[in-house]
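Trainee: I am new to this one. Could you walk me through it?

Mentor: Gladly; let us look at it together.

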Amino acid sequence: PALILFLVLASNDQAMVRGRLGRKLRPFNQCGCFPKLCPGLRRNFCVDSDRVAEFDQLGPHELVPVAAQLMRQNAKISSTAWASILEVIGRRLPEMTPADVAAASSAVAKIAQSPAKQELFLMIADRLAAEAPHLAPSDLARAASGLITSKVVQPSHSVYAALAATAIEKRHEFGTDPMVQLLNAFSQVRLGGGRGDLLESFAQQAVEWLSEFYPRELALLANAYARVSVASPDLFRAMGARLTGTGCAGELRPRDISTLANAFSKLRAPMAVELLEVLASEAQGRLPKFEPQHIAGLAWSFSQLHHGRSPELLDAFATHMLEQRKLEHFNAQELVNLLSSYAKVRVNSAAWLAAVTKHLEDRQEVVRAMGALDLLYTASSLARLGSGTSSVFHSIAESVLKLLGGADRRPRQNQQPSAKQAIFLLHAFSQAECAHEGLFAGLVPLLRSALSSELQGATKRQGPSRSDWVVAYGAFAGTGLHMLSDQTVALCRDIVRHCCEGLGSEGEDTGSELSAMDVSHLLRALAKGSVGWSGPAVGLLLSRVLSRPAEFSQTELLVALHAAVQIRDDRVDEVPVHLYTGLLSLLSEELVSGSLRSLKAPDLITASALLAKTGHLDTFAWSSLSRQLAGLLDARLTPSTSGGSEVCIAGGQPESRDDRGSDEQQQSLQRQHRQLAECLIVVLNCFSRVGVQDAPMLRVAYHFLADGAPGVSSGIAVAAFAKLGAASCAEAEVLALPVRDVASAWLNLLHAASSNNSAAPSAVATSLSDLSLRLVGLAHALAGSQPAPWRLRRVLRLEALSLVGIAPEMLQEPSDSARLEEEAESFVEPAAGRHSLVASCSQVLTGLQCLFLLRPSAADNCDSLPALRACIAALDAVQGPLEARGRHRPHSEPALAATVLDVLEQLCSRVAVEPATSFSMGALPQLPVLRPEHAVAQYFIDAALLPASM
């Protein structure tokens, strides 16, 4: 009868079985009786506690199958009954064979924890440890899996060593199933990963059996090795080759795809790039089948490897999540992993980030469910992506404070942030410019305690390093909260003092752990905010820069020098004259013949701004910047030997341009061109600020702009050309610049400033400062436009008159004249890169003067009635702010006028002696630095510098 029942169950579908046997199975569902199926035995066994004795009557080889069947049937058995069953198994354990004991460990491993279960599994572990050599490969795998699943036997128990030793000895007897089960079990508790241990020993065996593994088994196998960080090159190379070369990737489930990507990326395994290429295609084709955990895991894997398909895949994930509205299906950990992935590869999917931010705002419970590490990663990712709102960061701060505990909060044990995590959390808030006073104040006691422990020599191994403390001070100084309270001031002071311990009076390192990067970052932080001990610290740090400059990278050295200049501007006493002079000399030396003689575009911008800010007129240093800029611009199109062309941007490796139809490549080229354009404009503006006229630099600048000017700030560019005496075709002839490049560059600059790409340039200005700068440049270009083509002269004239026409509207748009005068009265010198109202008005006035007083001929003048009306309206508009500025901030005009006249006399005398000589402002150290509103004086200087057009 038992055999007949078994055949019926095996041959009929579930509906038929329920229909025919439901009546017989119903008593079990109601009273707990189980129709036991054992060879030669048919018995309804009731698992009620009153009838456990019947279970005890079974043979030793029958106990485990019955218990396993009870587990599989998910029978409603009371905990008391299970305790009795486990007690029977434990008592009968000595009667069982080693194979039965291994089966017992697997049969009841998932039962809820109880004293009876703990006692039984400890007995099973002791028995298996003693009899492991008698187990077959399948029993070894089953025993390890059961013991680990039970969560009773700790990884330190001797049974695991015994099982591993036996498995290694019998590894040649293992097939695919027991091999995967065994290795996966040991890896779950991070065992078997040592050198020569279980997983390394099985690697060759796995390679030999590789063709027999199902694709999903390969995923489990790779995951086992990744868990214990055993990078077996031969095994992973073989797995990668099979998965990419046989087309079996289509058999992988979404879970397997995510698991394989994680394993290969974590170990940086051979074939990782090729395999992830295949997995990306599989994932994109089956996105609707992916669960949230699969999407989060796959995104994390691709970002960790910085795979080339990462941006494309992450964009596809973002689109899928937005279309399916699946954000609510992601738990907190999955959202954290996703944000970290997007931040790591800088994929800024605006719509998706906005949706995530809205999701975190609307569902505060998601943020509250995060632990300290998740909160840190969330804040850091949002800060790096430039996303998140004050509301989200406020929620993160409140969650951190709840973890810390407080007067009205209860701390959550084992979830409080460590001092290291607290430091980088504050760094993330500083990056996001979120000065949350509660968070910074709340973390002060934690940081104070960690710093005190370190000063006393009792710091744990995972405590903050001195580099971390530099980051901590940078966060407080960057948000301006270093002076938040007395406790904060004391903490910041002690941080600075601790970081500088070991630095000698001459900057020699006598045991300090500060690296060159730490020195530059600490100087930058001290430039943003000082504390009580900042003066001595600045001296020590700058001495370190001067004494050992070779240790600093290009960027680190420039950051340190820039910080020193800023500190001297704000707190002159902290940077002695001898240190400041030495730093400027170091800058010049490094630019001419040192580490700064070959800079990439971003560092070239910093170096140029640094020289301009200090007004350091070292001819050789400026020539080095000119040469480097010319090299970058000239190298943007380098002919290749294959007949195509290569793009070499910002000192990097050349990129092939053979496939011009690639959208991705075109976008990359556009980004690189914009980066070079930004570098050109900044360097050009820096040269103009100090009046250094360099013909080779101007030549390559015009040649670059003649090819196109997308993303170029036309106002700054044309004003810089004007200040350098190189804005017009007449000046170009004097400097031996190609007139054709100058004309093409001007047309491109005017088109770049327009709102469309039509042939006729538009006079739309983005701001008053942009309008004023463009007007000055156009006026100078018109003044020397006689050699220019007729079309260019006409375009320049129309553009200039258009700007003059809209100037009054832009001056009145922000507010009424009273507001303009109020701003002029409270005038403060603008920061670098910004234009004040008064400066813009004076630039407009200078442009108007040049239009009328430097006009080259009657054909290009502005004497028409509409033009005159527009000019009068512009003069009326700028009159109020300039008069108010003159009344409330009078200048020493007589002394300035005398100085200007002296300079003009010298210039005129030199022109009389050497009429063909072209002068630059940089050639005359005694030339006064005129304020922007000294329009009349500026005009006379311009007139003297343009003898060819007068």
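Trainee: At what angle do helix 18 and helix 21 pack, and how far apart are their axes?

Mentor: This is a predicted model. In it, helix 18 (residues 332-344) and helix 21 (residues 372-384) pack at an angle of about 35 degrees, and their axes lie 9 Å apart.

Trainee: What makes two helices like these count as being in contact, and which residues of helix 18 and helix 21 take part?

Mentor: Contact requires heavy atoms within 4.5 Å. Helix 18 contributes Q333, V336, L339, S340, A343 and K344, while helix 21 brings D374, Y377, T378, S381, L382 and R384. By class, that contact has five nonpolar, four polar and three charged residues.

Trainee: And what does the contact of helix 28 with helix 30 look like by class?

Mentor: Helix 28 (residues 534-547) and helix 30 (residues 577-593) have axes that come within 10 Å and cross at roughly 30 degrees. G539, L542, S543, V545 and L546 of helix 28 meet L579, G582, L583 and L586 of helix 30. Those residues divide into six nonpolar, three polar and no charged.

Conventions. Residues are numbered from 1 along each chain as its sequence is written. This is a predicted model: local features need pLDDT of at least 70, side-chain atom pairs count only at pLDDT 80 or more; totals for chains, interfaces and linings use all residues. Side-chain values use heavy atoms; hydrogens and water are left out. Axes are lines fitted to C-alpha atoms, for helices over the stretch in contact, and angles run from 0 to 180 degrees between N-to-C directions. Helices (H or I, at least four residues) and strands (E, at least two) are DSSP runs, numbered from the N terminus. Ala, Val, Leu, Ile, Met, Phe, Trp, Tyr, Cys and Pro count as nonpolar, Asp, Glu, Lys and Arg as charged, and the others, Gly among them, as polar.
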